[in-house]
Amino acid sequence: MIRLPQRETRTLLAVHGWSAVLLGLLLYAVIVTGVASVFTDEIADWSSPLPSQADTAWPQGIGSAIQHAAQTVDPQFHEDMIAFRQAGGRMQAFFHKHDTDPAGKPIERGVVTVIDPQSRQIIERREGTDEEIGEMNLPNALAHFIVDLHVRLHLPNPWGLLLTGILGLAMMLAAVTGFVIHRHLFKELFTLRRHKDRMLSTRDAHVIAGTWNLPFAFILAFTGSFFSFASSFGIPAMAMAAFGGDRDKVIEVLIGNPAANDPTPAPPPALDRALDDARQRAGSDPWYILSEHWGRADALQTVVMLPASGTLRNRTFLYDAAGRFMQEKPLLGSVPSSGAAVYSLMGPLHFGNFAGVLSKAAWFALGFAGAYVTFTGLLLWTTRREDQPAWRYLGRSVTGLGYGLPLALIMAAYGYFPVVRLGGDVHVMMMTAFLAGLLGALLLANLLRQLADSRRILLSLTALALIGLPWLRWIGTGVSWIDAAHGGLNAVFAIDLGLSIAGLLCLRAVRRPSPAMKRLPSAQASPAT
Amino acid sequence: MTQTAAPPPPNRARAWSRGVLMGPVSFIAAALVMVGSALWLPKGPAGIDNLVWPIVLFPLLWTAMFLYSCLDVRLGRAWLVALGLALSHGALIANSMMSTPA
């Protein structure tokens, strides 16, 4: 128990409540989409499977396939190449040169070749700037839609990142003040009263979930606001203050690769030799390979490996043009440093991807608890102030968004699969379906007299949408469960099953009324009677 | 019948002053400290510690400044601390920008 004078406690309580409510609805959206984003790789594999799943996107000889792809690309784009895994295990190699847009902003322009890791054949080809190429990426479009919503609420940069950064700060403030104002912190970890007043039970459930979740909420808020602010504000500001506005120079100092300038033509870099060596050293699969100065004597290959089993950090190896090992370097800088060490922890702590599906499942569950805490917190707050019209309207929006957002996310998938099958603008379709779901839910919550009815209808629609989605996925991708069994498509089975179970759980929840809503006037007998 | 002393009437100007200090001033001060500290923190063996640590710690820095601004009973002192940090680091940044060729 933390003892504070009454005045300070009152002030912190006010800060805790207002920071949570003012930004609570947006924060809820960021948390819910963050929960889904934990499984972004699996969602991508599920939404765009190849006929069969390779054991790895980096099989022996994939480097030769990338070299072969390079021959089909205009040499002007052979400046740099970055290759990484995409949906369904596809290998994407982006050959590009560095350029600037009309506004002077640095961009990358080039050609993406997508390679099937099993057949080693090029199965897709896209040309344009890095942004245009990202927009043309149909296989990963659904996963990107969810991640973009989480990272920047689909607002243009840097405003979206700044907003989510501020939301992260608000969440951190709520976590810190929550820790201080819970006077009986340890007692509240285990207190769930079976009370006749179900509001008290809901309040207890909110406090238990929130209290257990405090350290995790703090970590997520801290790392999340770091990621939002670092690229949108931190690095540009550093560049302005310490490097005369030269953003590339900051990146160069942070990356810390050895300087080289020998434009003598040379054979393409020996990717396979570098990848084989990196696999042996790290005992894991590559995350990505960056090949700078392709076809020059000073070519430099950076291979970043995924964390090996039981470890938290990626490992980074440098190779020369012939694929000879040069050095292991930290993720940042050329030699180990405390800055690189702390930076390398931020990713695993935020994404929960350090121990495969197990850690992802833990992050998913903890994130879900965070969403529950936010939602019940908003419900409790607005319910207590139900006699004030402004709070009553906010209460309706809380119900509409709380139950409508998961439905809207599922609706985005309903916009995606028809495009996969029939063609069309996937981004327009997904956004239209998403907004239709969200605005429909908000409208419903504001039109229906009883909020309990809104909840029941929205949960029922969510259940139907969840149960129907595996069938739509089947029609859209053409991959049946028999095909999935033959092709070893585990993500297809797992997510189809997960969606069906979630749908059944929603149906079950429809039959159990929300305790918090029992207290709302709109949930009681009609005022007209 | 005992009479309890009525609480002093809330001072609106003071409440506004604290609100401004907690919100925009704390944020700007924390941002200036983040950027400015890159100019005096040790660079470390890789030459990056002065860049990475302030960016990583920015959320914590802001939280600390916000809570301090909110809790310090002496509002004038809270303003003094926030402005002192902001101005000293702002001066460092200005000096660096003027001495670095664009």
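**Cavities and the chain interface**

Guide: Happy to. The largest cavity has a volume of about 40 Å³, and please keep in mind that this is a predicted model.

Visitor: How many cavities of 30 Å³ or more does a search of the whole structure find?

Guide: The search turns up three.

Visitor: And which residues line the largest cavity?

Guide: Its lining consists of A:Gln86, A:Arg90, A:Gln92, A:Val114, A:Glu124, A:Arg126, A:Asn137, A:Pro139 and A:Asn140. By class, that gives two nonpolar, four polar and three charged residues.

Visitor: Okay, new topic. How many residues of chain B are in contact with chain A?

Guide: On the chain B side there are 35, in contact with 40 residues of chain A. Between them the two chains bury about 3000 Å², with 84% of it on carbon and sulfur atoms.

Visitor: Which residues in chain B lose the most area to chain A?

Guide: Those are B:Leu51, B:Ile55 and B:Val56, which together make up 18% of what that side buries.

Visitor: Which element of chain B gives the most to that side?

Guide: H2(B) does, with 17 residues. The elements giving two or more residues are helix H1 (12-37), helix H2 (49-71) and helix H3 (75-99) of chain B.

Visitor: How do the residues on that side divide by class?

Guide: They split into 28 nonpolar, five polar and two charged.

Visitor: How many salt bridges does the rule find across the interface?

Guide: Zero between chain B and chain A.

Key
Residues numbered from 1 in each chain as written. Chains lettered and ligands numbered in written order. Predicted model: local features only at pLDDT ≥ 70, side-chain atom pairs only at ≥ 80, totals over all residues. Heavy atoms only, no water. Contact = heavy atoms within 4.5 Å. Buried area = accessible area lost by both parts, 1.4 Å probe. Salt bridge = Lys/Arg side-chain N within 4 Å of Asp/Glu carboxyl O. Helix = DSSP H or I, 4+ residues; strand = E, 2+ residues; numbered from the N terminus. Nonpolar A, V, L, I, M, F, W, Y, C, P; charged D, E, K, R; others polar. 1 Å grid on protein atoms, 1.4 Å probe; cavity = no way out; pocket = protein on both sides within 12 Å on 5 of 7 lines; lining within 4 Å. Points joined across faces, edges and corners; volume = space filled by probe spheres on them.
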